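User: Please take me through the helix packing of this model and set each term against its definition.

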Amino acid sequence: MTRPVTVNGALATAAFVLGLAALVAGSPYREMSDRVWAPAPDGSVSALVVAQWLRERKTGLRVVDLRGPEEYEQFHLPRAEPLRAFEPGETVVVYGADSLEARLAAQRLRDAGIDTAYYLADGVAAWFTDVLNPTLSPDASPGERAAWERVAELSRYFGGLPRIVSRGAAQRSTAEVMRRTMRRGCAF
Amino acid sequence: MSAPFYEFGLFGQEASLLVALAIGVAFGFFLERGGLGNARKLAGQFYLTDLAVLKVMFSAIVTAMLGLFWLSQLGLVDLSRVYLLPTYVAPHSIGGVVFGVGFVMGGLCPGTSCVAASSGRLDGVVLLGGMLFGILLFNEAFPLVRGLYYSTDLGQVTIAQLVGLPYGVLVFAVVVVALGSFVVAERIEARAR
């Protein structure tokens, strides 16, 4: 006599099958694509986009540091300036210690008619991790490796240290990177 | 259309707060209906007579994990835009111990104490008060513990990154451990009855 299928049994079987299929599904994180080289629909830009714009001397680019004078003195992005009034047509990137304040400031600028006002996703820490200290895992896919060349070149342009390291070793803390960079006297 | 909706601008700030409220209410409702607003039921976890907490938590973990994994594989969620809480080993360990001691002493955790209080249980109200007092105390004492609070920072790290395993292997391992735990929990509960 067969035992009836219970709800718990069916759910457990479904979980097991989905877990088993995950073994061959690959990483759930999307490969680095052209998406990171353009502003996101939510009005954010990655540190790599800002770095690219700075490097190519994008016309009308304004980088705004929302943090206090002390933090600005310690470190700021190249060409960063305090918040002020901007003209329509200028591309404004605001950043702070994190995303929240910058997101609101960018929204206010857009409300004031600056359509190309963006905020730096993940704040100033993103500049340290993504531009100055980018890492690639040795087991990265061909797609990730192709994108890596562009990142590494950009990082070196800004005095960064692109490295190929294991995933575990790549977990350098942002605070550590910031301290190391500041000790190096890297202030733009 | 891809999630997280808030990150991609589908929700504004206000709408996201309303969504959070709805999720919170649903969370509390199902905790209450599952009996987890009752300290006796939660204490059963420590006496190995009622392992509902373990089963609820593992069910939630496996559901969320498989959901995020496969929705990402289908291109419906961009995991790189899902916020990860940074890991601070020492302060999180100490916080875990404090949490555990409070859980054993009170029979409720922060979420279930809110559920217990809102369903009229006096112990839930007392614990909720204690929790708010603890938050106040921590904020007042923050200058003294700031060094510890920011120490041993691993950054925004996932377990797969930390141990260097592919995500698929970790997903499968968690599913197997969860299903094994359910079987063991059922046997322990049957023995206690």
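Analyst: Helix axes are lines fitted to C-alpha atoms over the stretch in contact, and angles run from 0 to 180 degrees between N-to-C directions. Helices (H or I, at least four residues) and strands (E, at least two) are DSSP runs numbered from the N terminus. The model is predicted: local features need pLDDT of at least 70 and side-chain atom pairs count only at pLDDT 80 or more, while totals for chains, interfaces and linings use all residues. Residues are numbered from 1 along each chain as its sequence is written, and chains are lettered from A and ligands numbered from 1 in the order in which they are written.

User: Why is H1(A) called roughly antiparallel to H8(B)?

Analyst: Helix H1 (residues 7-22) of chain A packs against helix H8 (residues 167-192) of chain B at an angle of about 155 degrees, with the axes 7 Å apart. Angles under 35 degrees count as roughly parallel, over 145 as roughly antiparallel, 65 to 115 as roughly perpendicular and the rest as oblique. The pair is therefore roughly antiparallel. The crossing of H1(A) and H8(B) is left-handed, a term for a near helix turned anticlockwise from the far one by less than a right angle (right-handed if clockwise).

User: What makes the contact of H1(A) with H8(B) by class?

Analyst: Residues are in contact if their C-beta atoms, placed from the backbone, lie within 7 Å. Those of H1(A) include Ala12(A), Phe16(A) and Gly19(A), and those of H8(B) include Val171(B), Phe172(B) and Leu179(B). Ala, Val, Leu, Ile, Met, Phe, Trp, Tyr, Cys and Pro count as nonpolar, Asp, Glu, Lys and Arg as charged, and the others, Gly among them, as polar. The contact has 11 nonpolar, two polar and no charged residues.

User: How do you know how H3(B) is oriented relative to H8(B)?

Analyst: The axes of H3(B) and H8(B) cross at roughly 155 degrees and come within 10 Å. H3(B) is therefore roughly antiparallel to H8(B), and their crossing is left-handed. Among the residues that meet are Phe58(B) and Met65(B) in H3(B) and Val175(B) and Ala185(B) in H8(B). By class, this contact divides into 12 nonpolar, one polar and one charged.

User: Which element gives the most to the side of chain B that touches chain A?

Analyst: The contact takes 30 residues from chain B and 25 residues from chain A. H8(B) gives the most to the side of chain B, with nine residues. That side divides into 19 nonpolar, eight polar and three charged residues.

Methods:
Two residues are in contact if their C-beta atoms, placed from the backbone, lie within 7 Å.
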